[in-house]
Amino acid sequence: MPDRYPGYDVLQKRHSPSWNDQTRAVIDRRMAIDPDHHAFFSDAEWPTMRAICDRIVPQPPNRLHPAPVAAMVDQKLHDNSGDGYRDARLPPLREAWRRALAAIDAEATSRYGRHFHEIGALLQDDLLKAIQNGEVDDKAWGDMPAKIFFQKRLLHDVVSAYYAHPAAWNEIGFGGPASPRGYVRMNFDRRDPWEAAEARPGREDKARAENARVG
Amino acid sequence: MRRADAALDFAANAALIGAAVLLVLRPRLVARAANSPLLPKARDLAVAGARALVPPAPPPLSWHVSTARQLSRLIASYSPTRIATARALTKRAGRRLNGSSALLAFSVLADSAVEHYRGSFANRAMYTPLVTSALTLGGSLFGMADARPKKHTVRDTIYAAAAATGFAGLCFHAYNVLKRPGGASWNNLFYAAPIGAPMALALAGLLGRGAERVRDVPPRQRPTILGMPAGRALAAVAAGGLFGTVGEAALLHFRGAFQNPAMVLPVTVPPVAAALLGAAALRPNRQTNRLARWWLRFTALLGLGGVGFHIFGVSRAMGGWRNWSQNVLNGPPLPAPPSFSGLALAGLAALSLIEDETDA
């Protein structure tokens with residue numbers, strides 16, 4: 001996939017008026033997450049969780065600081081910080097994840113005779129697609145509809161964790177928190193000097209030069 | 001429709017840029033065009049219109065009173081001290097008008113630089129007011145320093161260009177408002193190109209033209225503009241300009257919800273000053289003139305104090321002055337309030353001309 005915001009690094013804004021002490025503290029905490037740290041998931045669940053995150057939000061292998069998505073979801077579950085709402089067909093946050101990880105691994109074992117993290121990307125995708133379509137029936141799911149779990153819990157938690165990380169912000173040209181400094185030029189196709197410059201095809205160098213000045 | 005818009009855009013841009021380039025490279029050509037025979041015809045029409053608006057002359061005095069007065073005036077007008085005082089007064093008024101033009105031009109230069117930078121100079125024509133207001137500022141400062149009681153062709157031409165740019169800018173800004181979804185809605189009047197802003201440049205040009213007329217008066221004559229006594233004409237321009245600027249301040253301070261009580265001042269003080277100036281132009285008398293003078297002085301001070309209030313306003317936005325790159329652009333415009341000062345100073349100069357016109 002071509003880099004649409006070449007040379008853009010949102011962390012360059014660290015000492016600009018866009019950030020204050022609070023921003024720096026929050027982002028530093030997020031950048032310091034150990035990708036292998038897990039306080040909620042058990043050692044048995046952890047490889048399954050990492051494999052799921054790698055399939056839902058795959059990251060380029062050459063990325064210097066990939067987003068530690070599984071560890072971020074783990075932190076959310078460890079803190080048990082819910083969203084303030086949930087689909088009533090699903091059990092509470094922690095229980096839903098525990099049950100689902102056990103069920104996903106059980107599906108892999110019953111279908112392919114191996115753990116989920118051992119079956120390879122292609123079969124993992126097949127299994128995740130089956131879950132997305134509700135075409136799984138292992139008794140480990142209990143009364144929890146797999147389809148609903150995929151839509152309302154798995155996608156929601158994994159994708160929000162990914163896009164809360166500066167690595168994802170750089171990818172989509174997002175400027176991070178709009179406070180203390182927000183935006184001035186609100187019209188279509190206008191850009192403040194502290195926003196990422198999107199490359200037009202063939203004009204990557206221009207965007208790269210502009211992105212070097214962001215901050 | 002879009003193609004027609006683009007063609008219109010292109011033609012207007014080309015004309016404006018061409019005018020700016022011509023003004024720099026061939027000022028004489030522009031001066032000659034400004035003196036073409038077409039202009040006097042248009043001017044005669046405007047004069048006829050303006051005459052229709054001027055109140056009728058007072059009834060004639062009885063013949064012996066008027067003859068005696070005319071005789072004494074005629075004799076007095078030949079007195080050398082009187083000639084010298086009159087010339088000094090018009091010259092001084094002319095230089096003061098140059099000064100008010102300079103202040104307006106400075107305000108426009110700074111304001112259009114900031115606001116058009118904010119607009120990313122999306123339209124090339126957005127550079128035009130920077131060029132013309134910088135020229136106007138330079139010409140006006142030269143006019144203030146220039147003690148010769150004569151008009152200066154280059155200055156006069158620059159002022160004409162400033163007035164033309166101001167009126168063209170008005171059209172551009174109106175087009176910018178109207179082309180947005182919703183057209184002339186409150187939202188667009190608040191957030192699209194400000195309708196009133198280019199008028200400050202037009203006023204700088206008009207007052208500058210007035211300055212050049214006023215300072216170039218043959219002995220024993222009074223300055224006139226478009227056939228009207230210069231003091232009255234300039235008072236009308238200054239009062240009209242003040243009312244227009246009040247409209248702009250009212251719109252934007254309403255947008256700001258008058259959240260600071262001081263935001264009421266620029267929509268209450270200048271209208272009184274403008275009304276008194278208008279009254280002094282129509283029916284000058286000692287008391288009206290004095291009142292008008294004080295209110296105009298107050299307005300001039302208010303324009304300078306407004307910058308202080310706007311500096312405070314920027315500091316109150318999220319991040320304050322440390323976040324200047326957002327707050328100077330999004331906060332209250334720092335260079336806007338001196339427009340009031342420029343117009344008030346022009347009003348004061350016009351007032352002294354009116355007094356000279358009427359006390360004889």
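## A walk through chains A and B

Of the 215 residues in chain A, 29% count as buried, where buried takes 20 or more other C-beta atoms within 10 Å of a residue's own, exposed takes 12 or fewer, partly exposed lies in between, and the C-beta atoms are placed from the backbone. What you're looking at is a predicted model, with local features needing pLDDT of at least 70, side-chain atom pairs counting only at pLDDT 80 or more, and totals for chains, interfaces and linings using all residues. Residues are numbered from 1 along each chain as its sequence is written, while chains are lettered from A and ligands numbered from 1 in the order in which they are written.

Let's start with chain A. Its secondary structure comes to eight helices and zero strands, so-called here from DSSP runs numbered from the N terminus (H or I over at least four residues for helices, E over at least two for strands). Along the sequence the pattern reads α-α-α-α-α-α-α-α. The C-alpha trace of chain A spans about 55 × 35 × 30 Å along its principal axes. Take the contacts in chain A between residues at least 6 apart in sequence, and 67% of them join residues at least 24 apart; a contact here is a pair whose C-beta atoms, placed from the backbone, lie within 7 Å.

Now zoom in on helix α2 of chain A, residues 45–56. Its 12 residues should span 16 Å at 1.5 Å a residue, and the end C-alpha atoms are 17 Å apart, which agrees; the expected span is 1.5 Å times one less than the number of residues. Thr48(A), Met49(A), Arg50(A), Ala51(A), Ile52(A) and Cys53(A) are buried in α2(A). Those buried residues pack against α3, α4 (93–112), α5 and α6 of chain A.

Two of those partners also meet each other. Helix α3 (residues 69–79) and helix α6 (residues 146–162) of chain A pack at an angle of about 115°, their axes 9 Å apart. Axes here are lines fitted to C-alpha atoms, for helices over the stretch in contact, with angles running from 0 to 180 degrees between N-to-C directions. From α3(A) come Val69(A), Met72(A), Val73(A) and Lys76(A), and from α6(A) come Asp157(A), Val158(A), Ala161(A) and Tyr162(A). By class, that contact has six nonpolar, no polar and two charged residues, counting Ala, Val, Leu, Ile, Met, Phe, Trp, Tyr, Cys and Pro as nonpolar, Asp, Glu, Lys and Arg as charged, and the others, Gly among them, as polar. The crossing of α3(A) and α6(A) is right-handed, meaning that the near helix is turned clockwise from the far one by less than a right angle, with anticlockwise being left-handed.

Gln132(A) sits in helix α5 (residues 121–132) of chain A. Is Gln132(A) buried, exposed or partly exposed? It counts as partly exposed because it has 16 C-beta neighbours inside 10 Å. Leaving aside residues up to four places away in sequence, Gln132(A) touches Lys147(A) and Phe150(A).

Most residues other than glycine have a negative phi, and most peptide bonds are trans. Against that background, the peptide bond from Ser179(A) to Pro180(A) is cis, with omega near 10°. Pro180(A) lies in the loop between α7 (166–172) and α8 (204–213) of chain A.

Over in chain B, Phe121(B) has a positive phi of about 45° although it isn't a glycine. Phe121(B) belongs to the loop between α5 (80–118) and α6 (128–145) of chain B, and with 12 C-beta neighbours inside 10 Å it counts as exposed. Phe258(B) also has a positive phi, near 45°. Its place is the loop between α10 (230–255) and α11 of chain B, and 13 C-beta neighbours inside 10 Å make it partly exposed.

Buried residues in α11(B) include Pro266(B), Val269(B), Leu276(B) and Leu277(B).

Finally, the axes of helix α7 (residues 153–179) and helix α9 (residues 197–215) of chain B come within 7 Å and cross at roughly 155°. That makes α7(B) roughly antiparallel to α9(B) (over 145 degrees; under 35 is roughly parallel, 65 to 115 roughly perpendicular and the rest oblique). Their crossing is left-handed, and the contact has 13 nonpolar, six polar and four charged residues.

Conventions: Contact = placed C-beta atoms within 7 Å.
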